[in-house]
Each structure stands twice: as C-alpha cells, then as structure tokens.
2 protein chains.
Amino acid sequence: MATLMDVAKRANVSKMTVSRVINHPDKVTDELKQLVYQAMKELDYQPNLIAKALVNNSTRIIKLCILEDIDTTEPYFMNLMVGVAKTLDLHQYSLQLVTRRNFGIGNCDGYIITGMRKGDLEWVQKLDKPVIMFGENRYGLDFVDTNNKAGTYRMARLALEKGYEHLVYIGIDSKESFEYSREAGYIQQVQENQMIPELHRFGNHSHLSEEFIRSHWDEIQQNTAFICASDRLAMGVERAISRCGGKVPDDYGVTGFDGVFLNQVASPKITTVKQSIIEMGSACGENLLDKIKTNASPGNLIFEPKISLGGTLRD
Amino acid sequence: MATLMDVAKRANVSKMTVSRVINHPDKVTDELKQLVYQAMKELDYQPNLIAKALVNNSTRIIKLCILEDIDTTEPYFMNLMVGVAKTLDLHQYSLQLVTRRNFGIGNCDGYIITGMRKGDLEWVQKLDKPVIMFGENRYGLDFVDTNNKAGTYRMARLALEKGYEHLVYIGIDSKESFEYSREAGYIQQVQENQMIPELHRFGNHSHLSEEFIRSHWDEIQQNTAFICASDRLAMGVERAISRCGGKVPDDYGVTGFDGVFLNQVASPKITTVKQSIIEMGSACGENLLDKIKTNASPGNLIFEPKISLGGTLRD
DNA sequence: TAGAAATCTGTTATCGGTAACATGGAAAGA
DNA sequence: TCTTTCCATGTTACCGATAACAGATTTCTA
C-alpha cells in the first residue's frame with residue numbers, strides 16, 4: 001500500500017504538500033498539485049484512514065441504539081441496520097449495535113437512536129456526540145422518518161376510490177409519535193369524506209388483530225376496508241377474514257404499513273404503505289456523518305412513502 | 001480518555017512497561033505489574049485500538065462476501081450479517097458487505113464468504129488474508145455450517161414417528177453442497193426404513209412448490225409428509241395443500257428448513273429444522289478473528305440443528 | 001527600490017501505541 | 001574476585017497521517 005511518503009518522494013515534494021493537496025488544495029500551486037495528482041494516480045494511493053483517525057482522535061465507530069424491546073431477528077430492524085451499515089462501511093466507519101443495557105460501554109463518534117420514549121429525552125440530550133434519531137419526534141432532535149400521516153391518508157383514499165364504503169383503522173397500542181401520525185392521516189381522510197372514524201388498537205402481533213376480527217365478525221359490515229398500522233396487524237386481519245369465510249379483496253379490503261418482507265409472504269400479498277427502510281437507514285448514516293464532519297445540524301429528512309400494491313384491495 | 005502515558009506516569013514507570021504488562025506480562029516483575037494494574041484501574045484505562053491498528057498496519061475491516069445473487073432484504077442473510085456484526089463490533093472491527101461486483105475494492109484484514117461456487121475456488125484460494133466460509137464445502141476451506149444431513153435425517157424420522165406413511169422430498173434446484181447433504185439425510189432415513197425416495201427440486205420460491213403440489217394434487221397420496229429443503233418451499237406446499245382442500249397436519253405433513261422468521265409467520269407455523277444463523281454468523285466472526293490473531297487454521301465448526309415444532313406435523 | 005506583507009513549501013512535533021535496541025544491576029561461572 | 005550472561009526496565013524510532021511553526025519566495029507598498 002502506497003503511503004503519503006511514497007507519493008511525496010515520487011512527486012519530489014514533502015509529505016506535507018501531499019497532505020495539503022488532499023485537505024487544503026487551495027494552498028498549493030497548480031503546478032505541484034498536478035505532480036502530486038499524477039504520483040497519486042501512478043501509485044494508486046489510498047489514504048490510510050486508521051492513521052487519520054489517530055490524529056483526529058476519533059474512533060470511527062457509530063452506535064446504533066435500538067431502545068425498543070424487540071427481537072433483533074425482526075426484518076424491520078435488520079433492514080435499518082443494513083441501511084446504516086451500507087453507508088458507514090462506505091466511509092469505513094464501524095457500526096456498533098447497542099441496547100439499553102450496554103449503552104454506556106465504550107467510545108464512539110456518534111449515535112443513531114430509534115425507539116426513544118419520553119423518559120429517554122434527558123440523557124439523549126446530554127450526549128456529547130452528534131445524534132440522529134430514526135423515527136419522528138417532537139423534541140427538536142434531528143430525525144429521519146417516513147411521512148407517516150401522508151401514508152395512511154393516501155392509503156385510506158385509495159381504499160375509498162376502490163369502492164369500499166367503510167374504513168376501520170387497526171392501530172398499534174403505543175404512545176409513539178409515528179402511531180399518532182398514522183392515526184391522524186386516517187382520521188383526516190375519513191373526516192374529509194364525512195365518515196365517522198373507528199379505531200382499534202392492539203400490541204403489534206398478528207394474532208391479536210386476528211382474534212379481534214374473529215370475535216367481532218358478526219358486527220363487521222360488508223365492504224369494509226381495514227387500514228392497519230403495520231403489516232403484522234394486516235396479516236392477522238387478512239387471515240381472520242379468510243377463516244371467517246370473508247373474501248379479500250372482493251368483500252373486504254386490508255392494507256398494511258411497512259412493506260418489509262411480511263407483506264410479500266402473505267397470500268394474497270398485502271397492499272401496503274411501503275417505507276424504504278434500507279434507504280432511510282442509509283440516510284441516517286449520511287446525515288450523521290455529515291453532522292460529525294461539519295458540526296452542523298442537518299435538520300429532518302422525511303421520506304414520502306409509496307403505496308405497494310398487493311392483492312388485498314380490489315382492482 | 002486515559003492513555004498509556006497517563007498510566008505510566010501514575011505508576012512511575014515508562015510507557016513501555018505498561019505496554020508490556022498488557023502484551024507480554026511474563027516479562028515484567030510482579031511488583032511493577034501490581035502498580036500498573038492499580039494505575040490502570042484508577043484511570044479506567046482502555047487501550048486505543050486505532051493506535052494499535054496503526055502500528056500493526058491493519059485495517060480492522062472484515063469483508064462479508066455474499067456471492068449468491070440474492071435480495072439483501074432476505075432475513076436469512078440479514079441474520080447472518082447481524083451475527084457477524086455482533087462479534088466484530090465486540091472486537092471493534094468493522095464489517096463491510098461486498099458482492100461479486102465490488103469485491104476487490106479496498107483493503108481488509110480477512111474475509112467471510114458465503115455462496116461460493118466451483119468457479120470461485122481459484123481466486124478464493126489466492127486471497128492473501130484469512131478466510132472463513134459460511135456453508136460447507138469440500139475443498140478444505142475452513143467453514144462454519146449446520147449439520148445439514150443430520151437435519152433432514154432427523155426431521156424425516158420425526159415425520160415417520162408421527163405416523164406419516166409416505167415421505168416426499170422437496171428440494172432446492174442448486175448444485176451447492178448443503179443441498180446434497182440435505183438430500184442425503186432424507187435418503188438415508190428413507191432407505192433405512194425400506195422406503196423408496198421421491199425427490200423434486202425447484203428454485204427456492206414458495207410459488208414454485210405451491211404450483212407443483214396443485215398441479216399434481218391427484219397423484220399425491222394421503223398421509224404424506226413433505227420434507228422441504230427450505231421454509232419457503234414448505235410455505236408453498238402448505239398453502240397448496242390447504243387450497244386443494246387437504247388438511248395440515250392431519251392428512252398431510254410439511255416440514256421446512258432454516259427457521260428464520262418465515263416459519264413463524266406461516267399459519268399454522270412450520271415445523272422446521274432450525275439453524276441458529278445469528279450464532280453461526282458470530283462463530284464465523286470468532287473463528288476469523290482467531291485465525292487473524294494466531295495465524296492458525298481453526299478447522300470446521302458444525303452446528304447441530306434443532307427441530308423447531310410448529311403445527312405442520314401432527315402431534 | 002527597500003522593507004513589509006502575503007504566499008507557498010518544508011520541518012518538527014504529535015496522536016497512542018509497539019518493536020528493536022540500549023542500559024544497568026544481579027546471578028552465574030571461572 | 002572478575003568476567004560473562006541474563007533479566008528487567010528504559011530509550012529511541014516508527015506506523016501514516018496532520019497541525020503549528022519556520023523559512024524561502026514573491027508581491028505589494030511607500
């Protein structure tokens with residue numbers, strides 16, 4: 001591997017000049033710059049990031065903190081992780097996965113945090129390294145998220161356009177901001193159409209929504225579409241309808257939210273609000289590295305969700 | 001952050017002595033060692049891995065090469081990645097995900113490779129850094145894998161014990177070693193019971209196995225158990241039987257292989273040969289780091305699979 | 001045109017460790 | 001007792017980069 005020194009020798013300049021060409025090119029004459037560029041190309045020079053890290057006294061480690069108490073085998077978080085890892089690796093940063101328990105251990109250059117609750121606000125604000133949140137929040141912390149409200153709003157409209165006459169919302173029993181936003185999107189669409197909102201909330205497990213539908217099957221009107229806050233819940237609803245003898249999508253519609261793997265393995269596939277989790281993870285990484293480099297707040301980044309058509313809304 | 005120097009000063013010794021206490025403790029008297037340990041504890045000394053990496057001229061980067069042409073959203077590979085990442089992060093190594101395309105780019109300290117085909121053998125053997133394969137191979141390259149043969153062998157026996165009279169194998173249409181081993185396990189069990197093996201192979205997609213079962217429904221005998229080489233295939237089989245009016249598990253049995261998420265979302269859940277992909281990924285990492293450190297081949301590591309009971313074999 | 005200011009380039013010290021060599025005192029051999 | 005060997009420790013140089021300072025030109029100003 002060629003070093004700064006090798007390049008310097010070949011270009012007949014000092015190490016420092018080479019370093020300047022890389023970091024402060026305006027402080028070097030064009031003539032020397034050309035020589036140095038030439039030498040770098042000939043030697044295929046790649047800067048040694050470890051040496052750089054040493055002088056900057058950085059760790060090149062980013063901590064990804066998943067504060068929710070969740071199974072790491074869940075594809076949703078894996079996708080997030082892959083997205084983050086992709087970007088970090090590109091910049092030769094290392095990703096460290098941490099939870100509540102092992103949070104404080106070891107140094108790092110920045111944090112990506114998801115699943116924050118109110119009680120966490122205090123210590124999150126005290127962190128002395130740059131932070132990006134994954135998931136909207138109302139505390140002014142920089143975040144990356146999907147436009148949750150727009151997601152359910154548009155999905156609800158789509159269901160109406162497809163001719164379903166009743167819209168029931170099946171939500172997640174959680175106090176997090178994203179859930180409020182999804183509910184708000186549904187409610188707005190329903191109210192704009194002079195309908196009365198009907199919301200139910202459960203823990204995010206398919207068997208809970210399934211059980212609910214089965215036990216209330218008699219009260220459910222034909223031509224209802226269920227706007228669900230997750231693909232898990234949608235999967236349960238779909239299964240329940242099917243087992244109760246209902247027809248999806250002809251007599252009942254079902255829509256999900258997330259679009260991470262689960263929607264594809266259901267049968268028929270779930271029409272869902274697709275979040276590009278991997279891309280969002282990458283964006284978290286980009287924003288964080290930016291924040292580390294420039295020391296300036298990148299603000300919020302909101303991804304517009306796309307509707308991924310499956311077979312749970314009629315055509 | 002306390003440095004070697006800080007510790008040295010507090011213990012009234014030279015930097016070198018502190019370094020020796022850490023790396024060659026036998027070359028330092030007990031008396032000094034005590035002083036140094038004391039000082040390290042008082043200052044909560046953590047060695048700076050970046051500085052270490054610089055002198056060793058290492059990158060602290062490990063490349064995970066997924067040579068199969070596969071969707072990265074697949075939970076299987078994500079689990080592998082998480083497992084690897086877990087271990088590497090513990091040792092402050094960085095994980096880089098590479099494919100065929102970007103393989104050669106950039107330096108690293110070692111490789112974890114999965115999905116190797118015959119044609120890859122040549123360049124894999126030429127790599128100048130330590131390598132661990134994920135997935136069995138017959139070329140003498142160190143690997144970590146599940147005992148594939150034992151998996152199908154035991155699963156087939158279980159199906160027989162549950163009273164299914166016919167065993168049909170639904171395999172993956174691939175020339176990789178793991179598939180041969182799974183087939184071998186099934187065949188051995190079947191032959192030990194004086195039965196005649198029946199194997200079918202498809203690309204690893206649920207709709208392919210589903211289509212096969214549906215189109216051959218008339219020829220399928222009651223009380224058959226399908227031993228599938230993946231949960232995907234099993235899912236397709238399960239769905240087909242259900243749609244053709246068959247009863248799982250009463251009249252037909254279905255078993256899968258992998259146990260990574262998919263088996264849990266099917267309904268009923270698939271009885272499957274569970275591979276601990278995350279642990280295996282961790283093991284790949286451990287073995288590779290070991291190999292890097294000691295420069296000695298760790299040999300192969302074979303995980304015994306466990307049968308994860310779902311509802312697709314009768315009780 | 002002398003002297004000051006600005007511009008460019010090189011030298012030195014530094015980040016936090018480790019290897020290789022140097023030193024000084026104790027144990028061993030003559 | 002005097003050398004030789006050994007062992008524990010310290011000194012120096014180095015890994016590959018960068019910041020701060022120093023020196024050499026050039027340009028500008030009076």
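In this predicted model, the contact between the two chains draws 34 residues from chain A and 34 residues from chain B, where contact means heavy atoms within 4.5 Å. The area buried between chain A and chain B comes to about 2900 Å², with carbon and sulfur atoms giving 65% of it; buried area is here the accessible area (1.4 Å probe) that two parts lose on being put together, summed over both. On the side of chain A, the residues that lose the most area to chain B are Ile50(A), Met78(A) and Phe261(A), which together account for 20% of what that side buries.

Residues are numbered from 1 along each chain as its sequence is written, while chains are lettered from A and ligands numbered from 1 in the order in which they are written. Because the model is predicted, local features need pLDDT of at least 70 and side-chain atom pairs count only at pLDDT 80 or more, whereas totals for chains, interfaces and linings use all residues, and side-chain values use heavy atoms, with hydrogens and water left out.

Across the interface of chain A and chain B, zero salt bridges are found, a salt bridge being a side-chain nitrogen of Lys or Arg within 4 Å of a carboxyl oxygen of Asp or Glu. Six residue pairs in polar contact are found across the interface, both residues at pLDDT 80 or more; a polar contact is a pair of N or O atoms within 3.5 Å, and within protein one must be able to donate a hydrogen and the other to accept it, with residues adjacent in sequence counted only if both atoms are side-chain atoms. The elements of chain A that each supply at least two residues of the side touching chain B are helix H4 (49–56), helix H5 (75–90), strand E2 (94–98), helix H10 (231–243) and helix H11 (262–265), where helices (H or I, at least four residues) and strands (E, at least two) are DSSP runs numbered from the N terminus. The largest share of this side, seven residues, comes from H5(A).

Helix H4(A) is capped at its N-terminal end by Asn48(A), a side-chain oxygen of which lies 2.8 Å from the backbone nitrogen of Ile50(A). Just after H4(A), Asn57(A) takes a positive phi of about 50°. In chain B, Phe261(B) has a positive phi of about 70° although it is not a glycine, and Phe261(B) is found in the loop between strand E9 (252–258) and helix H11 (262–265) of that chain.

Two cis peptide bonds in chain A may also be described. The bond from Val248(A) to Pro249(A) is cis, with omega near 10°, and Pro249(A) lies in the loop between H10 and strand E9 (252–258) of chain A. The bond from Ser267(A) to Pro268(A) is likewise cis, with omega near 0°, and Pro268(A) has its place in the loop between H11 and strand E10 (271–274) of chain A.

Over all chains, the count of salt bridges comes to 25. In chain B, the side chains of Arg10(B) and Glu42(B) meet in a salt bridge (2.1 Å, N to O). Arg10(B) lies in helix H1 (residues 4–11) of chain B and Glu42(B) in helix H3 (residues 30–43) of chain B, so the pair ties together parts that are 32 residues apart in sequence.
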